[in-house]
Amino acid sequence: MAAIAVQYGSRAKFCDTITKAKDPKSAYAEIGLDLFRGFGMTTLEDTAQGNLSENPKDYTDGGMRQWLYQSCTEFGYWQVAYHDPRYSSRSSRIDLRFHDGICSRMFGIDREVDPTFINRTYYRPILDGKISKTFFTNGSDDPWQNLAINPARRNVPKTADAMLIQGASHCSDLGNGSSPNVVSAQNKFRSLVQKWLGAKGYRWH
């Protein structure tokens with residue numbers, strides 16, 4: 001719950017609700033359920049248990065199965081508990097072994113994730129400036145920006161474009177313009193695509 005609150009722009013609401021509550025544990029549950037309702041999903045749907053089905057029809061409205069498979073076979077972007085439980089909103093049981101167990105239970109994968117191929121094939125060429133016609137966007141309120149191609153990290157190759165969208169959260173730029181800054185990023189993307197394609201008269205729909 002905490003991860004969803006933080007990366008999707010509800011960090012202040014989430015933290016304020018808990019710190020100001022007489023019963024922080026109940027408040028944690030209540031604000032968490034409220035956030036999930038806002039996403040139109042249940043807490044179960046955001047877990048491995050809720051994504052065990054192998055029937056594609058069960059995921060027409062969303063689901064985590066595809067992302068979990070990529071994580072188990074390519075990325076290994078595991079979020080674990082902070083080492084000091086006083087400052088962690090996760091159970092100390094959420095460690096690498098826990099995530100390896102998910103991969104085993106869901107997909108029968110009993111080995112640790114090896115991201116070497118993905119890093120060498122896709123990420124290294126980006127950092128080496130061997131890409132072009134690419135636009136990277138991140139939200140300033142998204143913790144994942146710290147692992148991204150990001151102007152604030154001064155790691156944008158000369159062959160690419162990038163923007164840190166102030167006030168935006170995770171995936172804000174993929175939806176309808178939720179703020180002037182998001183709209184600005186989307187307009188820049190359209191302008192870049194038209195430039196790359198040489199399609200001055202192209203109309204977006």
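Before anything else, a note on handedness for myself: I call a crossing left-handed if the near helix is turned anticlockwise from the far one by less than a right angle, and right-handed if clockwise. I'm working on a predicted model throughout.

**Entry 1: α4 and α5**

I started with α4, residues 65–75, and α5, residues 96–107. Their axes come within 10 Å and cross at roughly 120 degrees. That angle makes α4 oblique to α5. I then checked the hand, and the crossing of α4 and α5 is left-handed.

Next I wanted the residues that touch. On the α4 side I found Arg65, Leu68, Tyr69 and Cys72, and they meet Cys103, Met106 and Phe107 of α5. Sorted by class, this contact of α4 with α5 has six nonpolar residues, no polar ones and one charged.

**Entry 2: α2 and α3**

Then I went to the pair α2 (residues 11–19) and α3 (residues 24–38). Here the axes come within 8 Å, and I read a crossing of roughly 155 degrees. Angles over 145 degrees count as roughly antiparallel, so α2 is roughly antiparallel to α3. The hand of the α2 and α3 crossing is right-handed.

From α2, the contact uses Lys13, Phe14, Thr17 and Ile18. From α3 it uses Pro24, Ala27, Tyr28, Ile31, Asp34 and Leu35.

**Entry 3: salt bridges**

Which residue does aspartate 34 meet at 3.1 Å, N to O? I found lysine 13 there, with the two side chains meeting in a salt bridge. This pair links distant parts of the chain, since aspartate 34 sits in helix α3 and lysine 13 in helix α2, 21 residues apart. I looked up accessibility too: aspartate 34 is at 31%, so it counts as partly exposed. Lysine 13 comes out at 46%, also in the partly exposed class.

Aspartate 34 has a salt bridge with arginine 37 as well, at 4.0 Å, N to O. Both of these residues lie in helix α3, three residues apart, which is about one turn of the helix. Arginine 37 is exposed, with a relative accessible area of 57%.

I moved on to arginine 86, which forms a salt bridge with aspartate 84. Their closest N and O atoms are 2.8 Å apart. Buried or exposed, I asked, for each of these two? Arginine 86 is exposed at 66% relative accessibility, while aspartate 84 is buried at 15%.

Looking for shared partners, I saw that salt bridges join Lys13, Asp34 and Arg37 into one network. A search of the whole structure gave me four salt bridges.

**Entry 4: valine 156**

Last, I looked up where valine 156 sits, and it is in the loop between β1 (135–139) and β2 (161–165). Its relative accessibility is 29%, so I have it down as partly exposed.

I also took a distance back to phenylalanine 135, 21 residues away along the chain: the C-alpha atoms of valine 156 and phenylalanine 135 are separated by 9.9 Å.

What does valine 156 touch, leaving aside its neighbours within four places in sequence? I get contacts with Ile149, Asn150, Pro151, Asp161 and Ala162.

Terms used
Residues numbered from 1 in each chain as written. Predicted model: local features only at pLDDT ≥ 70, side-chain atom pairs only at ≥ 80, totals over all residues. Heavy atoms only, no water. Axes fitted to C-alpha atoms, helices over the stretch in contact; angles between N-to-C directions. Helix = DSSP H or I, 4+ residues; strand = E, 2+ residues; numbered from the N terminus. Parallel < 35°, antiparallel > 145°, perpendicular 65-115°, else oblique. Contact = heavy atoms within 4.5 Å. Buried < 20%, exposed > 50% of the residue type's maximum accessible area, 1.4 Å probe, protein only. Nonpolar A, V, L, I, M, F, W, Y, C, P; charged D, E, K, R; others polar.
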